[in-house]
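Hi everyone, thanks for coming. Today I'd like to walk you through a few residues, so please have a look at the sequence and the model first.

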Amino acid sequence: MINEFVSLVNNVLWGDGQVLIIMLLACGIWFTVKLGGVQLRHFGHMFALLRNSTTSSKEGISSFQALCTSLSARVGTGNLAGVAVAISLGGSGAIFWMWMIAILGMATGFAESVLGQLYKVRDENGEFRGGPAYYIKQGLNKTWLAVAFSLCLFFGYGFVFSAVQANTITDALNNAYNFPSEYVGIVIIALAALIVVGGLRGIARFAEFVVPFMGIGYVLVALVITFINISELPAMLLDIIKSAFGLQEAGAGALGAAIKNGIQRGLYSNEAGSGSVPHAAASAVPNPNHPVSQGYIQMLGVFLDTLILCTSTAFIILLAGGSSSDQMEGIRLTQDAMSSHLGEGGTDFVAAAISLFAFTSVVANYAYGESNLHMFKLDNKIGRAVYTIGYLGMIYWGAQAALPQVWAMADMALGLMTVINIIAIVWMTPTIVSISKDYFKKKDSGETVEYKTGDCEIQGQSEDGIWK
């Protein structure tokens, strides 16, 4: 019955109903237009803000730590296994649509991150918290919708998404070394528990150290493989374009599969519009002291996740010949492709990479779920203990569950979150545009870029007046 229900919901969101595909494309185009193509017009400014992004305080983590925390949640199964799933089910053309949803998603990610920072609150420890539930409650005064989002987020980031990551780690290690899945699950639980005990700051410090190292290393390997196969690159790029528009023999059926799987797996990877990243954005101490600065920082995260890391995996798989099956293939397809390039060591490399990538997502997912305990007045020792037990239990379940079952539950959770969040941020467009124009104006005129309450019109107000 559970599988049937999950299948029914996913069919509405992703399948015949295509609700989310339409919503994501429309939302990306909407904010691209409303914000004047900010992801293209201010592309260089994203990187410029990184120069002064390491300042933190007792109230919040640094902007760089917030970026690394959001990337640690993004960079995981979606980048290695998710790309393989997209190619196996949608062909090479799925990669083109993954690129398109990422470019549009940069504007969506900008918009939701600005709101996350604007409507942040302080928890009982005096640290910043925020996210869609907070800006829905304060900006729209829709407590019921805020609660609905929080419940979806608990289901997704608190439980299901970590199960997906654990499933991929165990599959990769079982394929490479025949490690029993139940033992791998226990090891993941033990390591995750050691890190999440330190709360958001512990997770941020872990992400700040690990994410740059693992991301740069993986991209360098992909660049070497691409250079070795440089003669095949033009044909591969042409195949991506032809497949993306149904110009191959399979025709319209392949076109629909490419669009669906490219957008679906692209969203799962970069999370733009899903409402997850605003939690990391809200926890940061912005520099410059303006909510929009976090929009740029997290917009950069979408770019790095999909247009850099997912593309690296796609090139590795496609330069090895792509998928030879019409069935869903996950991390093993990536391992087989890497082995064809690097020999037997390829399987070991991918096993190590996905273990590191997915594990960072496991611990970052915990932080996103924990940030919503404040909404239910459970931001205390008992609330955290109950949440932590459920979170660790789902890791163990995911380590042994079947691949299609785990991915289906993840798609449903992500889809429900995204529907609520997109409705909310589009509803709050006037606030996003107003505060963004305030930043653009000050930046272009050379003024000190700062924001204080009253500088522009916003919907609702911060719960405890953070911005003064």
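Let's begin with a term: a disulfide is a pair of cysteine sulfur atoms within 2.5 Å. This is a predicted model, where local features need pLDDT of at least 70 and side-chain atom pairs count only at pLDDT 80 or more, while totals for chains, interfaces and linings use all residues. Residues are numbered from 1 along each chain as its sequence is written, and side-chain values use heavy atoms, with hydrogens and water left out.

Cysteine 27 is in none, and the nearest cysteine sulfur, in cysteine 152, is 17 Å away.

Cysteine 27 is buried at 3%, and cysteine 152 is buried at 15%.

Now on to serine 63. This serine sits in helix H5, residues 63–74; helices (H or I, at least four residues) and strands (E, at least two) are DSSP runs, numbered from the N terminus. Serine 63 is buried too, with a relative accessible area of 1%.

What does serine 63 touch? Leaving out residues up to four places away in sequence, its contacts (heavy atoms within 4.5 Å) include Ser53, Thr55, Pro286 and Gln294.

Terms used. Buried < 20%, exposed > 50% of the residue type's maximum accessible area, 1.4 Å probe, protein only.
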